[in-house]
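Thanks for passing this one along. Here are a few friendly notes to read next to the model.

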Amino acid sequence: MSTALLLTIAVASVLILLLMVIKLKIHPFVALLVVSLLVAIATGIPADNIMKVIVAGMGGLLGSITIIIVLGAMLGAIIESSGGAESLAQRFTHALGIKRTVAALTMAAFILGIPVFFEVGFIIVIPLIYGFTKVAKVSPIKYGLPMAGVMLTVHVALPTHPGAAAAAGLLGTDVGWLMLLGIAVSIPVGVVGYFVAKAMNRRQYHLSLAVLEQLQLAKPESAPGKTGTQPPGATLIASLIVVPIVLIVVGTLAHTALPEGNVIRQLLTLIGTPAIALLIALALSAWLLALRRGISKEKLGELLDRAIPSSAGVILVAGAGGAFGKVLVESGVGKALALSLETIHLPLIPAAFILSLALRASQGSATVAILTTSGLLTQAVTGLSDMQLVLVTLSACFGGLGLSHVNDAGFWVVTRYLGLSVADGLKTWTVLTTAMGVTGFVLVWLLSAVI
């Protein structure tokens with residue numbers, strides 16, 4: 001199948017998906033599956049492999065995020081029902097004011113994003129976002145949009161995450177310089193993202209009913225399980241939120257610092273996996289915020305049961321997004337696009353950015369976009385200096401930051417948790433990630449002129 005036809009099918013599939021979700025009001029889960037099926041048929045994937053590809057795409061993604069999302073929802077439910085998130089939010093808001101609080105949380109998200117994967121970190125801070133939202137009586141988008149943007153920035157740009165780390169390995173980039181320059185460029189990119197998100201928040205967005213209920217705006221009754229005692233202190237809540245982050249960081253450090261086969265390394269690596277870290281935080285929260293405060297085991301069980309349906313929608317839609325992305329990869333759309341762009345013979349730094357951005361838009365995964373771009377450029381970078389290699393790698397990384405849209409599972413995680421419709425998600429999250437990606441590329445290109 002020709003490159004032009006493959007690209008036409010890819011563009012048409014996204015337009016059909018948007019029509020189904022925005023105009024026809026079809027549930028995104030169903031719409032994503034239907035479009036995945038249509039693309040598979042149109043691109044000639046064998047009939048007996050179509051469902052295997054869809055199931056592999058969904059299963060591969062759900063295998064990594066389902067446990068995290070459910071445990072995160074349960075942890076959030078306990079913190080929320082205890083009144084702890086509001087307590088922490090009131091302390092910060094009183095000390096800093098709303099404007100400074102948004103900036104402070106965005107800076108905290110930057111630091112959190114360095115060791116923790118994007119989806120994991122975002123799910124961990126969701127109860128915090130909801131708590132601050134209720135205290136300040138503003139939309140969760142005010143806090144969530146800049147925090148998510150800056151967390152995704154460090155996720156794609158720093159070699160503590162798989163995309164940048166693997167790209168460095170493929171291109172022979174010095175990891176130390178990649179880390180230093182990645183942080184140096186990511187800071188102004190995060191600042192730009194903060195102000196872009198601030199400008200977006202000047203208008204009001206309609207929130208989904210599920211998020212309104214979560215914020216107790218649609219249903220003002222007290223949260224299930226909340227007792228008449230004083231809410232837990234801000235320090236305790238902050239500590240419980242930090243626990244999984246610290247465990248993940250310790251696990252990562254142990255994996256790199258200790259020798260293979262070391263018992264302590266194996267133990268800390270296990271404890272530092274996101275699922276186990278969240279499980280430990282959930283157990284601590286259940287004891288400190290519920291059982292020790294007089295909530296019965298039955299009430300606690302009911303509270304955790306109620307947390308599962310709220311996460312089911314996010315899981316299903318994100319999984320269907322993974323299936324759509326897998327079909328696009330298997331159809332050859334990404335490879336066709338990459339080869340067509342490679343023939344243009346652009347200078348290396350803009351070529352790396354445009355290739356990665358186009359691959360990100362075509363198949364959804366930032367990591368896949370960065371890796372594919374790096375693989376295509378392995379021969380082209382021969383003879384470059386260490387610093388030039390770092391800049392080419394960063395350019396590819398920031399290409400993977402932009403154009404997060406309906407074929408990206410992260411798009412659905414962010415929009416669902418923040419209560420955004422698909423149309424508003426495209427106007428906010430997609431525009432924000434693209435603006436930040438372009439900013440990162442411009443800064444990298446300026447650095448190349450100086451260096």
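The points below cover the basis of the model, one threonine and the aromatic pairs.

1. Please keep in mind that this is a predicted model, where local features need pLDDT of at least 70, side-chain atom pairs count only at pLDDT 80 or more, and totals for chains, interfaces and linings use all residues. Residues are numbered from 1 along each chain as its sequence is written, and side-chain values use heavy atoms, with hydrogens and water left out.

2. Threonine 106 sits in helix 4 (residues 84–113); helices are DSSP runs (H or I) of at least four residues, numbered from the N terminus. Its relative accessibility is 6%, so threonine 106 counts as buried (under 20% relative accessible area, 1.4 Å probe, protein chains only). Beyond neighbours within four places in sequence, threonine 106 contacts Pro146, Met147, Val150 and Tyr194 (heavy atoms within 4.5 Å).

3. There are eight aromatic pairs in the structure (ring centres of Phe, Tyr or the six-membered ring of Trp within 6.5 Å; planes under 30 degrees apart are stacked, over 60 edge-to-face, the rest tilted). Phenylalanine 122 and tyrosine 417 form an edge-to-face pair, because their ring centres are 6.4 Å apart and their planes at 70°. This pair joins helix 5 (residues 118–136) to helix 18 (residues 409–418), across 295 residues, and both partners are buried.

4. Phenylalanine 353 and phenylalanine 441 are stacked, because their centres are 4.4 Å apart and their planes at 15°. Here helix 15 (residues 348–363) is linked with helix 19 (residues 422–450), 88 residues apart.

5. Finally, ring pairs join Phe118, Phe122, Tyr417 and Trp429 into a cluster.

Key: Helix = DSSP H or I, 4+ residues; strand = E, 2+ residues; numbered from the N terminus. Buried < 20%, exposed > 50% of the residue type's maximum accessible area, 1.4 Å probe, protein only.
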